[in-house]
Amino acid sequence: MEVRFQHSPKETASMNSSELRKNFICGSLMQQGQIHLVYSHYDRVIVGGVKPIDTVLPLIQEPELRSGYFLERRELGIINVGGQGIVNADGIAYSLDKLDCLYLGKGVKEVNFRTGDPSQPGLFYLLSAPAHHSYPNRLLKKMKPFHQL
């Protein structure tokens, strides 16, 4: 997991375009067969990408979180921006098509990602923040446009 530290307004004001991009843009999140995470000290948010191809990719405990497992004190939002994929959360499989979202609440111990079709892999965009209360997991399917209902 890549860790990024906060910058003061004075530091930010003196950065050129290249330095701003290096410090604030999270490029290359979707890396084939990997989970790529960026921990920001701005509100302790983690942004990430998962691109499973032919293996199951588990969301592992990161030492920087100082916890027993990834969602021990965090919650996680997942948006699939690719082909059909599956997220397993504590033994429950959630099938996500393109633009479906999944919320996983604090306390979910095991999370892993896999793709339905390796030729059109699921691309999972992740956003995680600290949580102080546990809410139920929830799958939200992409709505059809009103004219198609």
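Which residue is the bridge partner of I78 in β8? I looked it up and found L102.

**Entry 1: ground rules.** I am working from a predicted model, in which local features need pLDDT of at least 70, side-chain atom pairs count only at pLDDT 80 or more, and totals for chains, interfaces and linings use all residues. Residues are numbered from 1 along each chain as its sequence is written, and side-chain values use heavy atoms, with hydrogens and water left out.

**Entry 2: overall.** I counted 2 helices and 11 strands in the protein; these are DSSP runs numbered from the N terminus, helices being H or I with at least four residues and strands E with at least two. Along the sequence I read the pattern β-α-α-β-β-β-β-β-β-β-β-β-β. Of the 149 residues, 35% count as buried (under 20% relative accessible area; exposed is over 50%, partly exposed in between, with a 1.4 Å probe and protein chains only). For contacts (heavy atoms within 4.5 Å) with a separation of 6 or more, I noted that 64% are between residues 24 or more positions apart.

**Entry 3: strand β8.** I then went to β8, residues 101–104.

I checked the neighbours of β8 next, taking two strands as paired if DSSP finds at least two bridges between them. β5 (residues 74–80) runs antiparallel to β8, joined by 4 bridges. β11 (residues 138–140) also pairs with β8 in the antiparallel sense, over 3 bridges. In β11, R138 is the bridge partner of Y103.

**Entry 4: salt bridges.** How many salt bridges does a search of the whole structure find? I got 2, using a side-chain nitrogen of Lys or Arg within 4 Å of a carboxyl oxygen of Asp or Glu as the criterion.

One is D97 with K141, the closest N and O atoms being 3.6 Å apart. D97 lies in the loop between β7 (92–96) and β8 and K141 in the segment after β11, so this pair ties together parts 44 residues apart in sequence. D97 is partly exposed at 37% relative accessible area, and K141 is partly exposed at 43%.

D100 and K141 also form a salt bridge, at 2.6 Å from N to O. D100 sits in the loop between β7 and β8, 41 residues from K141. I found D100 buried, at 2% relative accessibility.
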